[in-house]
Amino acid sequence: MPKDLSQTQWHGIARQEIPWFPAVDADKCIGCELCYVTCGREGYGTGPTSSTRP
Ligand code: SF4
């Protein structure tokens with residue numbers, strides 16, 4: 001079972017205060033999918049579960 005880090009700090013900041021996900025501004029995104037291609041951790045995706053670009 002993974003260790004629960006939710007009540008700890010990350011570099012002095014409470015983890016609950018950190019938005020741990022990228023936010024795409026739909027007004028600025030042009031849909032080039034460069035973020036999808038360059039993310040080595042496969043953090044981005046396209047398809048039916050994606051509600052907005054990329
Ligand atoms: S698809 Fe990704 S890299 Fe391209 S404009 Fe949108 S957020 Fe930026």
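Colleague: Where does His 11 lie?

Modeller: His 11 sits in the loop between β1 (9-10) and β2 (13-14). Before we go on: this is a predicted model, where local features need pLDDT of at least 70, side-chain atom pairs count only at pLDDT 80 or more, and totals for chains, interfaces and linings use all residues. Residues are numbered from 1 along each chain as its sequence is written.

Colleague: What makes something a strand or a helix here?

Modeller: Both are DSSP runs, numbered from the N terminus: a helix is H or I with at least four residues, a strand is E with at least two. In the protein chain that comes to 1 helix and 2 strands, and from the N terminus on the order is β-β-α.

Colleague: Why is His 11 called exposed?

Modeller: We count other C-beta atoms (placed from the backbone) within 10 Å of its own: 20 or more is buried, 12 or fewer is exposed, and in between is partly exposed. His 11 has 5, so it is exposed. His 11 also has a positive phi of about 55°, although it is not a glycine.

Colleague: And why is Glu 33 called partly exposed?

Modeller: Glu 33 has 13 other C-beta atoms within 10 Å, so it falls in the partly exposed class. You'll find Glu 33 in the loop between β2 and α1 (34-38), and it too is not a glycine but has a positive phi, of about 65°.

Colleague: What makes Pro 22 exposed?

Modeller: Pro 22 has 10 C-beta neighbours inside 10 Å, so it counts as exposed. Pro 22 is in the loop between β2 and α1. Its C-alpha atom is 9.0 Å from that of Gly 43, which is 21 residues away along the chain.

Colleague: Which residues is Ile 18 in contact with, leaving aside its neighbours within four places in sequence?

Modeller: Trp 10 and Ile 13. In contact means that the C-beta atoms of two residues, placed from the backbone, lie within 7 Å.
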